[in-house]
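Hi,

Here is the structure we talked about handing over. Please open it first, then read the notes below.

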Amino acid sequence: MNRLPGRLVLLGHPVAHSLSPTFQNAALQRAELPLTYEAFDIEPRRLAEAVARLRAIAAAGNVTVPHKEAFAAHCDRLTPIAERVGAVNTFWTEDDVLVGDNTDVGGFVEAVSDAFGASRAWRKVALLGAGGAAAAVAAAVERWPACQLSVWSRTAQRGQRLKARFPETVVAARVEAALDGADLVVNATPLGLHAGDELPAPVHLLPPRSCVYDLTYGQLETAWILAARAAGHPAVDGLGMLIHQGALAFERWFGIAPDRKAMWASVRS
Ligand code: NAP
């Protein structure tokens, strides 16, 4: 097992709503590790100061919205996947070296495999949104042989930025074109977080038999998930990705696997 970090933290703004402390503390208890996972609300202008303090005590932890890209710039070393995505969601210190990693990619792959079957060979992914989470999805799609990625972004510039990092990506001018022929449709916008949000894409445009993965999650399943299911599409929310990225982070920090069942049970109760 790895040496224990000085502290185990989540940095975000806001963080009060986060489920990470719930399931990470459940996993720490199950593993009998003498640490508490703590969430800190850090305004962007205070990030550098927070990183310096955490570095001094050899802390480890996670980074969430809006710090994932900015945190990467503070790291001494990035893992190849964090480098590829251009964002960090997991970090630790190794002999005074601050290491940044990205477990959102692996978390997404594991969640999709859990939801729709490990043996599925995806041919085309339609990605709605082109921000940080979309970049993690794009890096995951690169792992799927011969899978095409089509992105729709309401801000064209954002889509082009994603394409600059992932040149194989097709940036669709209209949502219809992104969805056309897709067998997996992914919502990587925040639409669905709030009751009354419009749907990320009209359900009647989903190709027949396509699967739907919504990165958002909350107390209740989103209106989009429910509508897609009612129209006959297998559809799940982002809770699975959240748990899997957290479990992969736990493995990086401690060198041991967490009890994923205990993590799931803690968020369901
Ligand atoms: P982000 O970097 O801010 O990107 C958000 C993207 O959604 C941008 O392309 C943005 O476009 C678009 N968007 C925002 N509001 C929109 C609207 N009203 N209509 C259409 N497009 C809109 O955020 P992110 O970090 O990628 O996160 C996106 C979502 O994924 C969040 O809900 C986050 O909680 C979720 N997430 C879940 C997990 C998980 O483990 N399940 C992990 C990471 C993220 P503009 O540039 O035009 O604003």
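Predicted model: local features only at pLDDT ≥ 70, side-chain atom pairs only at ≥ 80, totals over all residues.

Pro14 sits in the loop that runs between β1 (8–12) and α1 (20–30).

Pro66 belongs to the loop between β3 (60–63) and α3 (68–74).

One more backbone point concerns Asp95. Asp95 is not a glycine, yet has a positive phi of about 50°. Look for Asp95 in the loop between β5 (90–94) and β6 (97–101).

**Overall build**

The chain holds eleven helices and twelve strands. The C-alpha trace spans about 50 × 40 × 35 Å along its principal axes. Does the radius of gyration agree with that of a compact globule, or disagree? The chain has 18 Å, and a compact globule of 269 residues would be near 18 Å, so the two agree.

**Where the domains meet**

How many residues of each domain are in contact with the other? Domain 1 brings twelve, and domain 2 brings 17.

The area buried between domain 1 and domain 2 is about 1100 Å². Carbon and sulfur atoms give 50% of that area. Which three residues of domain 1 supply more of its buried area than any other three? They are Arg84, Val85 and His244, with 49% of the area that domain 1 buries against domain 2.

Now the polar side of this interface. Eight residue pairs are in polar contact between domain 1 and domain 2, with both residues at pLDDT 80 or more. Two elements, α4 (80–85) and α10 (239–254), each give two or more residues to the side of domain 1 that touches domain 2. Of the elements on that side, α4 gives the most, with four residues. By residue class, the side of domain 1 that touches domain 2 divides into four nonpolar, four polar and four charged.

**Salt bridges**

A search of the whole structure finds 16 salt bridges. Between domain 1 and domain 2 the count is three.

- Glu69 and Arg161 meet through their side chains in a salt bridge, at 3.2 Å from N to O.
- Glu49 and Arg53 also form a side-chain salt bridge, at 3.7 Å from N to O.

Where do Glu49 and Arg53 lie? Both are in helix α2 (residues 47–56). They are four residues apart, about one turn of the helix.

Best wishes

Note on methods. Residues numbered from 1 in each chain as written. Heavy atoms only, no water. Contact = heavy atoms within 4.5 Å. Buried area = accessible area lost by both parts, 1.4 Å probe. Salt bridge = Lys/Arg side-chain N within 4 Å of Asp/Glu carboxyl O. Polar contact = N/O pair within 3.5 Å; in protein donor to acceptor, adjacent residues only side chain to side chain. Nonpolar A, V, L, I, M, F, W, Y, C, P; charged D, E, K, R; others polar. Rg over C-alpha atoms; globule rule 2.2 N^0.38 Å.
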